[in-house]
Amino acid sequence: MMEETAFLQQIDQHQGIIHKICRLYRDTPEDREDLFQEIVFQLWKTKHTFEGKAKFSSWMYKVALSTAVATFRKKKPAIIFTPELPDLPQTEDENQHRQQLFDALKQLDDADKALMALYLDDLSYEEIAEITGISENYVGVKLTRIRNRITKILQTWTR
């Protein structure tokens, strides 16, 4: 078990993971803030379950995704405009492409959203398999299917 200071430093170091999950699963800044707090609470509450066998970030993803999906089922937020993430200076075209990608990702089911979040964070198939509990080979199959679906969604928007 990690000491409290080290645990809090790990959460601070990897908070981008939480922000990404919040952005994928919530539409308004207020809902994202609520989910962020709930994820941090769940991480704190379950910190004793982190055994150090996997990377802290992998364990954090697992808890964050579980929390996002569980709380999503409790509340059905209205889908409205999503502003860009802070601290990402980009051109207007990059902002538009990023927004389109997030809008397309929101059309996926929860399991597919989770896989894409992990994939977009450059986790290996092995790490994704460890976090999600599916085989490494099936991760590859699922991601190929999801990428094809995202491509079709984006193509229909640009026509």
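Q: How do I read the accessibility of a residue, and is Asp-122 buried or exposed?
A: At 69% relative accessibility, Asp-122 counts as exposed, given that buried means under 20% relative accessible area, exposed means over 50%, and partly exposed lies in between (1.4 Å probe, protein chains only). The model is predicted, so local features need pLDDT of at least 70 and side-chain atom pairs count only at pLDDT 80 or more, whereas totals for chains, interfaces and linings use all residues. Residues are numbered from 1 along each chain as its sequence is written, and side-chain values use heavy atoms, with hydrogens and water left out.

Q: Where does Asp-122 lie, and what is its phi?
A: Asp-122 lies in the loop between α6 (110-120) and α7, and its phi is near 60°, which is a positive value in a residue other than glycine. A positive phi is also found at Gly-133, which follows α7 and has a value near 85°.

Q: How many helices and strands does the chain have?
A: Helices (H or I, at least four residues) and strands (E, at least two) are DSSP runs, numbered from the N terminus, and by this reading the chain has eight helices and zero strands. Of its 159 residues, 40% count as buried.

Q: At what angle do α7 and α8 pack?
A: Axes are lines fitted to C-alpha atoms, for helices over the stretch in contact, and angles run from 0 to 180 degrees between N-to-C directions. Helix α7 (residues 125-132) and helix α8 (residues 136-158) pack at about 100°, with their axes 8 Å apart. The two helices are therefore roughly perpendicular to each other, since angles under 35 degrees count as roughly parallel, over 145 as roughly antiparallel, 65 to 115 as roughly perpendicular and the rest as oblique.

Q: Which residues make the contact between α7 and α8?
A: A contact means heavy atoms within 4.5 Å, and here Tyr-125, Glu-126, Ile-128 and Ala-129 of α7 meet Glu-136, Val-139, Gly-140, Leu-143 and Arg-147 of α8. Within α7, Ile-128 and Ala-129 are among the buried residues, as are Glu-127 and Ile-131.

Q: What can be said of Lys-142?
A: Lys-142 has its place in helix α8, and this lysine is buried, with a relative accessible area of 19%. Not counting residues up to four places away in sequence, Lys-142 touches Asp-112 and Leu-115.

Q: How many aromatic pairs does the structure hold, and how is such a pair read?
A: Rings of Phe, Tyr and Trp (its six-membered ring) pair if their centres lie within 6.5 Å, and planes under 30 degrees apart count as stacked, over 60 as edge-to-face and the rest as tilted. The structure holds six aromatic pairs, including the edge-to-face pair of Phe-7 and Trp-59, which are 6.2 Å apart centre to centre with 65° between the planes. Phe-7 lies in helix α1 (residues 4-13) and Trp-59 in helix α4 (residues 56-74), so the pair ties together parts that are 52 residues apart in sequence. Phe-7 is buried at 1% relative accessible area, and Trp-59 also counts as buried, at 10%.

Q: Which other ring pairs with Trp-59?
A: Phe-50 forms a tilted pair with Trp-59, at 5.5 Å centre to centre and 50° between the planes, and Phe-50 is buried, with a relative accessible area of 11%. Ring pairs link Phe-7, Trp-44, Phe-50, Phe-56 and Trp-59 into a cluster.
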